[in-house]
Amino acid sequence: MKYAIIIPDGCADLPIEGLGGRTPLQAADLPNLDRLATAGRVGLSNNTPAHLPAGSEVANLCLLGYDPDRYFTGRAPLEAAAQGIELAPGDWAVRCNLVTICDQIMADFTADHVSTEEATELLAVAQRALIDEADPDTLSGLLPEQWKFVPGVSYRNLLIFRGRPDRPAPFSRQTRTSAPHDLTDLPVDHDYPRGPGSDLLTSLMDRSCELFADHEINRRRVAEGYHPVTNVWLWGLGEAPRLPSFESLHGVRGAMITAVDLLRGIAALVQWPRIVVAGATGYLDTDYEAKGRAAVEALDEYDLVCVHIEAPDEASHEGRHDAKIEAMRRIDEAIVGPIADKLRSCGEHRILVSPDHPTFCATKKHSHGDVPFLVAGTGIEPDSQTAYDEVQAAASGWRLPQGWDLIGQWIR
Ligand SMILES: [Zn+2]
């Protein structure tokens, strides 16, 4: 049996007035998805438990069959995995944004998309002044060598804490933080870290503010009309999740095609190799054909190929339903079609199409709530639905309140 999972990130949406009250999935011309929906079944599932963030980090774990209450530990450990950083038991990863805060308002959670070069230099400054040469009192008895700022890309960086038996991490699952992208244009006063170890994180954030204020990088940025990097914003912390490999759970060897770090991290943790595709950007201009071709080729080598496409989510964050429809049309034409043809030529096969979470063009944000999924292939009896969209999926009457149950029902 060959399997393919296609994840059009954030494609689920609400009816939109400008589309005559249809959702983007209803408005888009998706002949390949409609054919699969007719031959197979559609339904609704929920990958966004109310008590967890409605983000790709939780929703993709659910979609791949991992109960988030058991396996989700935070966003940063998934990003650490994407960077190839191994976390031993007792180690913690903390997401470290470089941000612009003016008068205690989150003016820009990306600091004007600060360049990777500038970010790397500022983190080196922070490492030296806030950790390596800091007054030991400011680290609450922990050692400088336990902390490391790790540059990533642009404003997306990490702080890694290495636990030791005699100096364990001060954090726990009760440590609370706020995602800076949820604070845009809002006061940040009440969103500094709370709970165990939060005083240390808040102190690093405060002291970075003094440190960066007069740095030459900021003087230059302001002179050139860019937002300064006012400080580090620490959030999304966690220990490494202990995920059983996908193969150990389902007996199927998988591989991942994605341009997004978070998905790359999840793939690493479930022990799927990542297939790198030139031209895959994680944006609307991604090379859809190249991703489709890579998936088709990978099906010769692997039992299961998962293709994640970020474009519909990006279009939604920009509030552009026209771009979202176009992204879906391209996915249908260049990815769904070729994969479905390839699977048919393989003999026994199954396909699953589902976004992780909804992203609404109206709010430009991720949302909790159900998403439509589609399953088709060998041994799947068709229902009476003939299209892949939110309305037909709801009308099918098949609903999985725990999205992580879907994979187990789909793989046989
Ligand atoms: Zn997502």
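In the predicted model, L374 is in contact with L33, L36, A37, G40, V42, V353 and Y388, residues up to four places away in sequence being left out of the count; contact here requires that the C-beta atoms of two residues, placed from the backbone, lie within 7 Å. Residues are numbered from 1 along each chain as its sequence is written. Because the model is predicted, local features need pLDDT of at least 70 and side-chain atom pairs count only at pLDDT 80 or more, whereas totals for chains, interfaces and linings use all residues.

The protein chain is divided into domain 1 (2–71 + 242–410) and domain 2 (92–238), with bounds from an automatic or database domain assignment, and the centres of the two domains, taken over C-alpha atoms, are separated by 34 Å. L374 is also among the residues with the most contacts inside the largest nonpolar core, which has 122 residues; such a core is a set of buried Ala, Val, Leu, Ile, Met, Phe, Trp, Tyr and Cys residues joined through C-beta atoms within 7 Å, a residue being buried if 20 or more other C-beta atoms lie within 10 Å of its own, exposed if 12 or fewer, and partly exposed in between. Domain 1 and domain 2 both give residues to this core, which therefore lies between them.

In helix 7 (residues 198–213), numbered from the N terminus among DSSP runs of H or I with at least four residues, strands being runs of E with at least two, the residues L200, L201, L204, M205, S208 and F212 are buried. The buried residues of helix 7 pack against helix 6 (116–132), helix 8 (216–223) and strand 7 (231–238), while the face turned away from the buried side carries the exposed residues E210 and A213.

Methods:
The expected span of a helix is 1.5 Å times one less than its number of residues.
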